[in-house]
Amino acid sequence: MEGNPHSNGSADVYRIAVDVGGTFTDLVLQDGNGALLIAKTLSTPGDVSKGVMQALHLVARRLGIDSGSVLARCSMFVHGSTIATNTMLERSGARVGLLVTEGFRDTLVIRRGVREDMWDHRTPFAPVLVPRYLRIGIPERIDRDGRIVAGLDRDAVREAALFMKTEGVDAVAVCFLNSFVEPCHEREAAGILEETFGADAVSLSSEVAPIIGEYERSSTTVINAALAPKVVPHLLRLDSTLEQGGLGRPLHLVQSNGGAASVAQMRQRPVGLLLSGPAACVGALDLVAGQTGHDHLISMEIGGTSCDVAMMHAGEVALSDDLMIAGYHVAVPAIDVHTVGAGGGTIASVDAGGMIRLGPQGAGAYPGPACYGQGGTRSTVTDALVVLGRLSAETFAAGEITLDPERAATALARDVAEPLAITTREAAAGVVTLLEQNLLHAVERISIERGYDPAASILVAGGGAGPMHGAAIARLIGCRTVYVPRQAGALCALGMLNTDVRHDFLRVLFGELDHIEEADVARTYALLEDEATGVLADEGFAAEHVAITRSMNLRYKGQQWSVRIDAPRFERDELRAAFEEAHQRMYGHIQPGGTLEITSLHVTGRGVVPRIVVADDRRRGTRPEPVARRPVFAGSGQGVLDTPVYRADSLAPGMALDGPLLIEEATTTIHAGPRDHVTIDRYGNYLISLEP
């Protein structure tokens, strides 16, 4: 980020973030005085750069200048995207070949002997990404201590490379046994493979995922190889387009760990871009925590395609080392985000048993829900909200889309109401009720199932659709407060502006906590910290803007899985206490006095970017007046109520409103029920207080 980008107090210096979702592309621009400007356009799946430039042109017009001038004045440009995630979900990655140690070609098939749902023995595993004839064993062997037992057969690597090339392989993954201890054979093989495939098409497990666990390491490296030819060209095209358009700073990308990194750093490791957009919730929650003074938060960000839920506990958002994406294990540091297919574009239907069904298919940006009038005919959640009076045709998506209530009603009648012999309004109410049950389970998954009581948190409703359902979900889970940022429709993009550059480094180190040499631990941490500071220096960060944190993985002797804990210093009793606290919360028990083993050490390096400071809302007013009243479905048990509708530009900080009501913002609509009270804070954000 070219040193340490920050505002100089001039309104003509901009920070820009763009979040490309499955339906909408959101852009947030902040000037040097803290004022925010939002643009929302439909995404362009074939070429994300087109959607980004469309949003940029839109915001430039609002500023009264051209997009080149906007980019020339930009001190920071951050991008989050679902490209990598969608590539996995659609299984449209590149054709991959895999080199393994001879005798280990079936690791990807054997997997682990566990299932996500222990009661489900029928659902098949996801297809193996590399067919067996493209998984080739190479004579070589390194033992568990890093000693070479058998040298690498270079001729076998050359033969494998030529064979794969003739079979149409686009990228090659290399995963040799014990390479996480000694990577020399993988690097030697890479030098040979690059002669045939090029450097960008070769992924090494010792660089992508240097972890214990042959299956997880293989799976992660293969996925990285599958993503590279599909994702990297998109990123390079966008980077080039922005540079040619006038951007004088390097483009940065949001990673799964919640931090940002340059395109140059992510070029060899695109697997780190999985969950890129949703991971920006960390920056958004940091901002909300500062504005509310409350550090127990649950974010529920609902867009056109999905709902992403994350939790902040005591100011920290949990990190996971093992993701499941489309049925595949991915061992990368990732923000603990739970995603469900419950967005505005989720398709509603009736199954063979006569029950309303939502998803998993979505209408996407094109053709979109039936009410968009762009050729979509399937009924969706958005169509149901239109029928129920919750959405206005004129104010949807900042006026970029005009909704058609007749098309919405026709689709719902055909797909849901007629098969169930109910009215269209009853069908729409059923769709919304089912959606909110799915949202409830998603919030429970990230809170109760992690050992936290959601009632102690504030629910942060984000995304274009989140504020529509925030109060209802908060009441179901026991929260008493909902916070709706005025920029909720672009919450993740807003979070990107509040995101540090971040890189994670890991080194396997075995030993019992009570007996391992402290000098060995210190030496390993020092190596990792040198690596972290070096990478951040390449990103342009001086030492005074670099923050280093340590953590380690611990487990009871004999356990399969480890628990990561913070390790700011090597104090054995403190580390044991921290591990036992986490183990008790996660699993409900501990082994008093049990032998603890260290399995790996971690270092996180952050290039610290100054936090954004949002300007106070300058709207002024005395008495809020609704612009309309209309019948609106308030929820199951409450039915349809006569509801006042307020426009955001008629409201001001300090105002208080009683529900039921609708507030129409530029990029979202807020719904509050009959026992809800809404106040507006100094930033123009909405605080919804719920009565029992």
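Predicted model: local features only at pLDDT ≥ 70, side-chain atom pairs only at ≥ 80, totals over all residues.

Residues are numbered from 1 along each chain as its sequence is written, and side-chain values use heavy atoms, with hydrogens and water left out.

**Exercise 1.** Find the place of His 79 and decide whether this residue is buried or exposed.

*Solution.* Start with the strands (E, DSSP runs of at least two residues, numbered from the N terminus). His 79 lies in strand E4, residues 74-81. Next, look at its surface: His 79 has a relative accessible area of 1%, so it is buried (under 20% relative accessible area, with a 1.4 Å probe and protein chains only). Finally, list contacts (heavy atoms within 4.5 Å). Check the span of helix H17, residues 572-587.

*Solution.* A helix is a DSSP run of H or I with at least four residues. Its expected span is 1.5 Å times one less than its number of residues. For the 16 residues of H17 that gives 22 Å, and the end C-alpha atoms are 22 Å apart, so the two agree. Now look at its sides: Leu 575, Phe 579 and His 583 are among the buried residues of H17, and their cover includes strands E26, E27 and E28. After H17 comes Gly 588, with a positive phi near 85°.

**Exercise 2.** Describe how strands E21 and E22 are joined.

*Solution.* Strands pair if DSSP finds at least two bridges between them. Four bridges join E21 (residues 346-350) to E22 (residues 356-362), and the strands run antiparallel. Ser 349 stands opposite Arg 357 in E22. The two strands form a hairpin with five residues between them, and Gly 354 in the turn has a positive phi of about 80°.

Key
Buried < 20%, exposed > 50% of the residue type's maximum accessible area, 1.4 Å probe, protein only.
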